[in-house]
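Thanks for coming, everyone. Let me walk you through one structure and its ligand.

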Amino acid sequence: MQPLLDPRLEDYAFRSTRAEPRELTDLEARTHAEMKDPEMLTGRVEGRFLKLLALLVRPRLVVEVGTFTGYSALSMAEALADDARLITCDIDPDAAEVARAAFARSPHGRKIELRLGPALDTLRGITEPVDLSFIDADKTGYPAYYEELLARTRKGGVIVLDNMLQSGRVLAPSDAAARAIHALNERLATDERVENVLLTIRDGVQLVVKR
Ligand SMILES: C[S@@+](CC[C@H](N)C(=O)[O-])C[C@H]1O[C@@H](n2cnc3c(N)ncnc32)[C@H](O)[C@@H]1O
């Protein structure tokens, strides 16, 4: 992923954001050592942002689409009450194995349930109200994930969508992912069911609150 910001400012934002706990630094290192496409991991700035949102929303149920090795799930789980839950899903069994090991080592891991399988199956199986969700998986799937989550989100609940600038490709979308994300950005800005803002954190983060 190409940084959108001057790399010196990315670094400044990193240094000016509270450091993540050691277990996440270790997980990031393991992901870089063992996984293909380690840059998919959200990292410090976005991870701390997700944790702060969870502190503000005080969710009973968080849903994540796209676990990868578990960095963002653990970031949000840090802020959850002991009896709150986070359901996360992924289709990659190798990434899920790394995530499960990280959850097992973490004091927050027992709040997390990892479901292996296509996101739509997981989302359609959720019957309780969702307070906070994070969409970070296959980009052409985002419109369907958004609709499934919005239908399950309580009034005032929050949906966060990652990679909404597609490294700048939304300006002239020429591939399926960039086209899908651009169309969704346009839709979010006029969707009467929600309030939204597209934040220029990392690769673009849509912050959506259900009315
Ligand atoms: C960008 S990574 C997620 C990064 C993760 N949130 C983090 O912070 O480390 C995207 C993940 O979505 C998963 N994925 C892709 N298509 C999927 C689908 N249809 N259902 C569930 N997960 C999917 C991929 O296997 C990959 O692990």
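**The ligand and its shell**

Start with the shell around the ligand: ten residues are nonpolar, five polar and five charged. Here Ala, Val, Leu, Ile, Met, Phe, Trp, Tyr, Cys and Pro count as nonpolar, Asp, Glu, Lys and Arg as charged, and the others, Gly among them, as polar.

A word on the source. This is a predicted model, where local features need pLDDT of at least 70, side-chain atom pairs count only at pLDDT 80 or more, and totals for chains, interfaces and linings use all residues. Residues are numbered from 1 along each chain as its sequence is written, and side-chain values use heavy atoms, leaving out hydrogens and water.

Which residues are the closest to the ligand? They are Gly66, Ser72, Asp90, Ala119 and Asp136, out of 20 that surround it, each with a heavy atom within 4 Å.

Now the polar contacts, meaning pairs of N or O atoms within 3.5 Å. A side-chain N or O atom of Asp136 is 2.8 Å from a ligand nitrogen. For Asp138, a polar side-chain atom lies 3.2 Å from a nitrogen atom of the ligand. Tyr145 also has a side-chain N or O atom 3.2 Å from a ligand nitrogen. On its own, the ligand has 600 Å² of accessible area, and the protein covers 89% of that (Shrake-Rupley method, 1.4 Å probe).

Last, a charge over a ring. The charged end of Arg44 sits over the ring of Phe14, 3.8 Å from its centre. The cut-offs are CZ of Arg, or NZ of Lys, within 6 Å of the ring centre and within 35 degrees of the ring normal.

Terms used. A polar contact is a pair of N or O atoms within 3.5 Å; within protein, one must be able to donate a hydrogen and the other to accept it, and residues adjacent in sequence count only if both atoms are side-chain atoms.
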